[in-house]
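Please look over the model below.

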Amino acid sequence: MLDPVITNYNKTVLYSTYDLSGYLKTGDNAVGIMLANGWYNPHTRDAWDYHAAPWRDIPKALLEIVITYTDGATDRIATDTTWTASNGPLVADAVRSGEVYDARLEQPGWDQPGFNQTTWQPVTLATPPGGTLRAEVMPATTIHQTIKPIAITEPEKGVYLIDFGVNIAGWARLNITGKRGQKITLRYGEELNNGRLDTAKIKGLTFSGPFQTDTCYLNGRGPEQWHPRFVYHGFQYLEVTGLTETPTSETIQAQTVHTDFETIGSFKCSSELFNTIQEMTDRSYKSNFVGIPTDCPQREKNGWTADAHLAAEQAMLNYANLPAYEKWLNDFQDDQDQNGRYSCIIPSPGWGSRELTEWDSAYMIVAWYLYLYRHDTRVISDHYDSMKAYIANVENRIQSSNWIVNFGLGDWANDGGSATPVPLTATAYFYYDTVLMERFARILDRDQDAQHFADLSQKVKTAYHQKFYHGSGLYDTGQQTAQAMSLFYGLVPPSETKAVQKKLVDAIHARDNHHDTGILGAKCIFRVLSDMDRTDLAMTLLNQKTQPGYGYWIENGATTLYENWTNSPGSRNHIMYGDISGWFYSYLGGIRPVPNAPGFKQFIIQPEFATGIDWVQAEHRSPYGPIRVHWNIKDHRFTCRVHVPVNTRADIILKSSNPQSVNLTENRDIPRLCQDNKAIYTVGSGSYTFTGPQ
């Protein structure tokens, strides 16, 4: 569905490849193409100026069928002037508006042999979009799940409101019988007001055409099945008008749509709250990966770069999506200007700031995750020069400001919490960018570049500390984000670490043990707390059911992650707070990659036996095979079972009140190192069971 994926069509045009052999019939065969506007001809006006996209043009197609016969001979059938075309039942489509489909205009048999084409017109040769033609090597977008309604009401005569129970990306599917010309209107949304569909909070940035509305005219020839083909929507609720009979769970259903990446991880534990958060993250991530990583599936469908990198690390543990991210990083190159800058949404029709450091960092960060979790070195070599050009531009700009970056968006969506200065967050991210670039240079044996980036990162680190550290453990005024980011990105001198950690704890207590961050701080705070041996406090934050918090969302009916922590979120299906799933895997499950042995050639298993959690099951299928961690607590003793795949090595680090009493139950001659409150084993492939006091 929705193929091929959006690109900057002036730079790159993707083509899709299909195996047609299973469709062939003995005798004559026929092939037909349905064309729609999609992202290539976004004709409705919106806040992001897609209607003014430089690539915009009428729909067009290029097709070639390659036939290989049993004797090895080949033949080709391609689109040329012998093809014919006609208007069809797809009357209109727009990515944020919807489809208008008139089944009365269907021409039965149009895609079958023997169809009478005498009324069709010869096609017109079209000018190509302009970009380089490349194969689409990422998985396609497909229909994944069909969902039946959990409730159907009639708030007004002839107006039916259908609740599907969960927030999704996709569309409604009709299976109805009606009169010829009967008009069925489907409006999609994720919020109600007095029992009626309310789209006010998500439609305000689409300026022409209906918003998330599909229209279907029936042909009246008996039972009709229909769903949109060239748009998708974000919704939990569907408002239907034009029916002559009350709909049922068989006549109207919902279908979820997302990129067809494979799930390669699972996490469950004894906390139903945490399991629900994991499910919400999974649903939000899938809703926000329809060809590209997006912010939300209803209002925008834009590839906001910060949303993408904040969700990417958990994605590496949950999904096999390397080709999809590789494609998206190629979009950065297409968007980059002569000064090395790129937009804050990728792909972009030309809209969007090119000076948002925390957002721009996605280019380097996502490439690093692909290397760290999947050992993808090609993505580094392919994009190194483009990344280097970006770093050079920022470097040149900040020399005059003593290596402080003064442009960015800051800790977005902190909802009235303690605001963190943009220069702090922007400089912290640029420092991390330079650290990553040094790593990339060393991976590619570019020693001179590596030294340059090392020197640059030290300049930025020194300037950051001088600018924002005010002594006594305080960065800026001690906001949670300022403290957590400084610790997370390694900007705190070792002599000040304990003091900065204490001030972070103080800031959390000052908020009645709630977190007080936007999207940037949320990435850091849970991980930092666990790294400083305060998983207990991370658990307290995560278990809160009052505002702000994940539990508060759930108490108010959330099935996906929201855009804001407030009572009235703008979008109810965002992914930018989704890194919590990564914390589940890396800390409660303890599965952590090692930078100098990427792709889990070597890795660490260091689970947090957190008070309040009785058991955890975490699994991840690495490039070498499955990694499994299953642990449980009973009578203050833990049992931890670990599976290490072939051709790998793992350091098993188990926290215990008495590490000398930790045992490997299998009779194996594996030495144990006791260090502080930890028992440490280094093991090769195999399955192991460890027991000891909590």
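Is Asn573 buried or exposed, and what is its relative accessible area? Asn573 is buried, at a relative accessible area of 0%. Buried means under 20% relative accessible area, exposed means over 50%, and partly exposed lies in between (1.4 Å probe, protein chains only).

This is a predicted model, in which local features need pLDDT of at least 70 and side-chain atom pairs count only at pLDDT 80 or more, while totals for chains, interfaces and linings use all residues. Residues are numbered from 1 along each chain as its sequence is written, and side-chain values use heavy atoms, with hydrogens and water left out.

**A buried asparagine**

Asn573 sits in the loop between helix H14 (550–555) and helix H15 (580–588). Helices (H or I, at least four residues) and strands (E, at least two) are DSSP runs, numbered from the N terminus. Setting aside residues up to four places away in sequence, Asn573 touches Asn167, Ile168, Glu190, Ser284, Ser287, Asn288, Asp295, Cys296, Pro297, Gln298, Thr560 and Leu561. Contact here means heavy atoms within 4.5 Å.

**Helix packing**

H15 also packs against helix H2 (residues 272–287). Their axes are 9 Å apart, at an angle of about 130 degrees. That makes H2 oblique to H15. From H2, the contact uses Phe274, Ile277, Gln278 and Thr281. From H15, it uses Ile580, Ser581, Phe584, Tyr585 and Leu588. By class, this contact has six nonpolar, three polar and no charged residues. Ala, Val, Leu, Ile, Met, Phe, Trp, Tyr, Cys and Pro count as nonpolar, Asp, Glu, Lys and Arg as charged, and the others, Gly among them, as polar.

Another pair is H8 (residues 422–443) and H9 (residues 447–468). The axes of H8 and H9 come within 8 Å and cross at roughly 160 degrees. Axes are lines fitted to C-alpha atoms, for helices over the stretch in contact, and angles run from 0 to 180 degrees between N-to-C directions. H8 and H9 are therefore roughly antiparallel. Angles under 35 degrees count as roughly parallel, over 145 as roughly antiparallel, 65 to 115 as roughly perpendicular and the rest as oblique. H8 passes H9 in a left-handed crossing. A crossing is left-handed if the near helix is turned anticlockwise from the far one by less than a right angle, and right-handed if clockwise.

On the H8 side, the residues in contact include Leu424, Phe430, Tyr431, Glu438 and Arg442. On the H9 side, they include Phe453, Leu456, Val460, Lys461 and Tyr464. By class, the contact of H8 with H9 has 15 nonpolar, four polar and four charged residues.

**Salt bridges**

Side chains of opposite charge can pair when their charged atoms come close. A salt bridge is a side-chain nitrogen of Lys or Arg within 4 Å of a carboxyl oxygen of Asp or Glu. How many salt bridges does the structure hold? There are 35.

| Pair | N to O distance |
|---|---|
| Arg299 and Glu300 | 3.0 Å |
| Arg442 and Glu438 | 3.1 Å |
| Asp337 and Arg354 | 4.0 Å |

Arg299 and Glu300 are both buried. Arg442 and Glu438 lie in H8, four residues apart, about one turn of the helix. Arg442 is partly exposed, at 41% relative accessibility.

At 22% relative accessibility, Asp337 is partly exposed. A network of salt bridges links Asp335, Asp337, Arg341, Arg354, Glu355 and Arg397.

**Backbone exceptions**

Most residues other than glycine have a negative phi, and most peptide bonds are trans. The bond from Ile346 to Pro347 is cis, with omega near -5 degrees. Pro347 is found in the loop between H4 and H5. The bond from Asp3 to Pro4 is also cis, with omega near -5 degrees. Pro4 lies in the segment before strand S1 (12–15).

Ser472 has a positive phi of about 55 degrees. Ser472 is placed in the loop between H9 and helix H10 (480–488) and is exposed at 60% relative accessibility. His636 has a positive phi near 65 degrees. His636 lies in the loop between strand S27 (625–634) and strand S28 (637–644), and is exposed at 64% relative accessibility.
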